[in-house]
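Please look at the sequence and the structure together, and keep both in view while you read the briefing that follows.

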Amino acid sequence: MNTFNNTLTLVACGAAFVSSAGAATLVDTFDSGLGNWTTSGDVAIHNAGSNPAAVLTTAHSTLEFSPDDINVSGADPLEAGGDLETAVGVTVGALDLDAFDMATEGSAMSLTIVVAAGDTLTFDWTLATLDGFGLDYGFLAIDGAVVQILSSADATLSTGGGFGTETAVATVSHEFANAGEVTISLGVTDITDYAGTTSLFVDNVQVIPEPSAAWLGLIGFASLLRRRRA
Ligand SMILES: [Ca+2]
Ligand SMILES: [Ca+2]
Ligand SMILES: [Ca+2]
């Protein structure tokens, strides 16, 4: 699993934008572990190559059979239908796809931060899966609502690693409409069955401030200069 190395160029471009618009208030590359994240279930640092990332799996520590037996932390995933939903602050049943394809067990990590209106959360994620029955998925939940998912249906790339086939790395962007304290949860859940381990990889979590009024003023001043020269 070296997929995150492919995003380094993209991140470097993003960093250039951040430095011109104001320093990001949160940057977590997981190079120093899981930091202040609260973990629920099987969560660890995955250190393939030279780029650590957070990894969350649906693998029970003792009840999975090879090749699904890839628990990374020794802690068991939480049961859905109660414990998992409570851990990420959503209502019980909110992680089910439908009445037949229900969440069974999963893992998550959560972080509470203070944001300003217009701040943007960004991060990179990819999902790898050994699942063959029911579409497991990774999710982003904010303050009790699932706002985005990454489905194992998109895990079509062959990696040759023990985590199975994987999705392309995607960068998620979410703008906060309101200022205040928010809880971000990233998780992964088995759907329909408990077998076929699915793993979510997360890296480069940032909160990028809205461009300040002073910065917008500079942009306006520059455009005024351009108009005068024209
Ligand atoms: Ca990293
Ligand atoms: Ca499944
Ligand atoms: Ca499982």
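Strand 7 is largely enclosed by the rest of the structure, because eight of its 10 residues are buried. The model is a predicted one, and the protein in it has three helices and 13 strands. Of the 230 residues of the protein, 38% count as buried, and 74% of the contacts with a separation of 6 or more are made by residues 24 or more positions apart.

**Partners of strand 7**

- Strand 7 runs antiparallel to strand 13, and nine bridges join the two; within this pairing, Trp125 has Val202 of strand 13 as its bridge partner.
- Strand 7 also pairs with strand 11, which covers residues 170–175, in the antiparallel sense and over six bridges; here Thr120 has Glu175 of strand 11 as its bridge partner.
- A further antiparallel pairing, over two bridges, links strand 7 with strand 10, which covers residues 165–166, and in it Ala128 stands opposite Glu166.

**The largest nonpolar core**

- The largest nonpolar core has 42 residues, and those with the most contacts inside it are Ala54, Leu56, Leu84, Leu200 and Val202.
- Two or more residues of this core come from each of strand 4 (53–57), helix 2 (83–88), strand 6 (103–115), strand 7 (120–129), strand 8 (137–142), strand 12 (180–191) and strand 13 (198–208).
- Among these elements, strand 13 gives the most to the core, with six residues.
- If residues up to four places away in sequence are left out, Leu200 touches Leu56, Trp125, Leu127, Gly138, Leu186 and Val188.

- Ser107 and Leu186 are 79 residues apart in sequence, whereas their C-alpha atoms are 8.6 Å apart in space.
- Not counting residues up to four places away in sequence, the residues that Ser107 touches include Ser40, Gly41, Asp42 and Val43, and also Leu56, Thr57 and Thr58.
- Pro77, Leu78, Gly187 and Val188 are also among the residues that Ser107 touches.

Notes. Residues numbered from 1 in each chain as written. Chains lettered and ligands numbered in written order. Predicted model: local features only at pLDDT ≥ 70, side-chain atom pairs only at ≥ 80, totals over all residues. Helix = DSSP H or I, 4+ residues; strand = E, 2+ residues; numbered from the N terminus. Buried ≥ 20, exposed ≤ 12 C-beta atoms within 10 Å, placed from the backbone. Contact = placed C-beta atoms within 7 Å. Core = buried A, V, L, I, M, F, W, Y, C linked by C-beta atoms within 7 Å. Pairing = 2+ DSSP bridges.
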